Amino acid sequence: MYYRKLGRTGLNVSEVGFGTIPVLKGSVPVLPDYYNLEEEEALKVMEHAFRRGCNLYDTAIVPEYGDAELKLGKFAARVGRKNVILSDKARFFDGNEMYQAVCTSCENLGTYADLYFVHQVEEEHEEEVFRPGGALDALTELKMEGKIRFLGIASHYYETLIRGAGDCRVDVLQGSGNLLERGMLDRMRTEPLFSEKGILINKVYAAGILTSFFPVRMLLGTVLSYPISCALIGIGTSEQVDEAMGREVGIGQEEQPSFEEVLSVLEKDYQPIPCDRCQRCRCPYGTEIHTLFRQYQYYFLGKEYWALRKLDLGIDKSAELCRKCEWMPCMEQCPRRIRIPEEVEKIQKLVRERL
């Protein structure tokens, strides 16, 4: 295992971090169908990762991640609290709610959290998080009290992350990216503000679907070629630990596939939309174009039911607004010159046919 600096925190973290969704047990939305680990089995998997050199373990509050937070606390006590870095998060945006959530997390862990994130911040809640008395102020207070060591923002949105990068209260950021959805990583690499923060990246396997098309070594190596601190992956078995955490995982620059090469692999199964989720396209009507495209890709990559249901929630309205838009700034903003109206219409047709 190799290690990297976590921004200016003074911490060194393993290049590959342990995401705890697969070790939880309970009836929660994020639980993969193929995992439901009992406590001792979960602890053994985490211990195996620890022996392979992993020192960063990422979780979230009990209501969202089942009992993973409780298991992580027991694991930390078993291997020695100072030997591991615990990363936790809660989806609360108000300061009072966040303060209480962290206190509950510390009780569940039986210790402090090294990193604590405001989880899944999006435009709708951004002002509430950053305003005086919001979640960031609460985390700052908790940091002063010693309940957490460092605080951060976790989001799938570039604009939210760059706002966090420019905020002096924020120590760490957690974003998403992989060899297909690399647009945000490309933007982060060229923005100096991000060099001041520790950066964790999740969705490296794209919820597990990319491992059917590309080797783990390539998936991890591509993400780790960016100036980030740690690639977070969900792990549920000792075999997955060995596959992800061997010293041979890193790949050379010459082996990292270009975006066009990635598309050429996927084209053997379906016709992918050449969108890397750079998020530069801004619809005047508020449609998240990159999210529509992502759900379309995921439909063909193995998440049929989930993606189709997500698309069905708003595709008709999005397609109608797209047809009546005369300005179409999204096409001017797209660096890959995707014919966005045609792709949106194609997605609507797919949803209507398959549902």
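**Note on side-chain contacts**

1. Arg-336 is partly exposed, with a relative accessible area of 31%. This is a predicted model, and the points below go through salt bridges and then rings. Arg-336 forms a salt bridge with Glu-260, and their closest N and O atoms are 3.3 Å apart. The two ends of this bridge come from distant parts of the chain, 76 residues apart: Arg-336 is in the loop between α15 (329-333) and α16 (340-354), while Glu-260 belongs to helix α11 (residues 259-266). Glu-260 also counts as partly exposed, at 48% relative accessibility.

2. Arg-131 sits in the loop between α5 (123-130) and α6 (135-145), and Asp-94 in the loop between β5 (85-90) and α4 (95-109), 37 residues apart. Are these two partners buried or partly exposed? Arg-131 is partly exposed at 34% relative accessibility, whereas Asp-94 has a relative accessible area of 18% and is buried, because the limit for buried is under 20%.

3. Asp-67 and Lys-71 form a salt bridge as well, with the closest N and O atoms 3.3 Å apart. Both Asp-67 and Lys-71 are buried.

4. Turning to the rings, the count of aromatic pairs is eight. One of them is Tyr-57 with Phe-75, a tilted pair with 4.6 Å between centres and 50 degrees between the planes. Tyr-57 lies in strand β4 (residues 56-58) and Phe-75 in helix α3 (residues 68-79), so this pair ties together parts that are 18 residues apart in sequence. Tyr-57 is buried, at a relative accessible area of 0%, and Phe-75 is buried, at 0%.

5. Another pair, Tyr-296 with Phe-300, is edge-to-face, with 5.0 Å from centre to centre and 65 degrees between the planes. Both residues lie in helix α12 (residues 289-300), four residues apart, which is about one turn of the helix. Tyr-296 is buried at 5% relative accessible area, but Phe-300 is partly exposed at 28%.

6. Tyr-57 and Phe-75 also belong to a cluster: ring pairs link them with Phe-18 and Phe-50.

7. Where do charged side chains lie over rings? Arg-81 lies over the face of Tyr-112, 4.0 Å from the ring centre. The charged end of Arg-187 sits over the ring of Tyr-158, at 3.9 Å from its centre.

Notes:
Residues are numbered from 1 along each chain as its sequence is written. This is a predicted model: local features need pLDDT of at least 70, side-chain atom pairs count only at pLDDT 80 or more; totals for chains, interfaces and linings use all residues. Side-chain values use heavy atoms; hydrogens and water are left out. Rings of Phe, Tyr and Trp (its six-membered ring) pair if their centres lie within 6.5 Å; planes under 30 degrees apart count as stacked, over 60 as edge-to-face and the rest as tilted. Buried means under 20% relative accessible area, exposed over 50%, partly exposed in between (1.4 Å probe, protein chains only). A charge sits over a ring if NZ of Lys or CZ of Arg is within 6 Å of the ring centre and within 35 degrees of the ring normal. A salt bridge is a side-chain nitrogen of Lys or Arg within 4 Å of a carboxyl oxygen of Asp or Glu.
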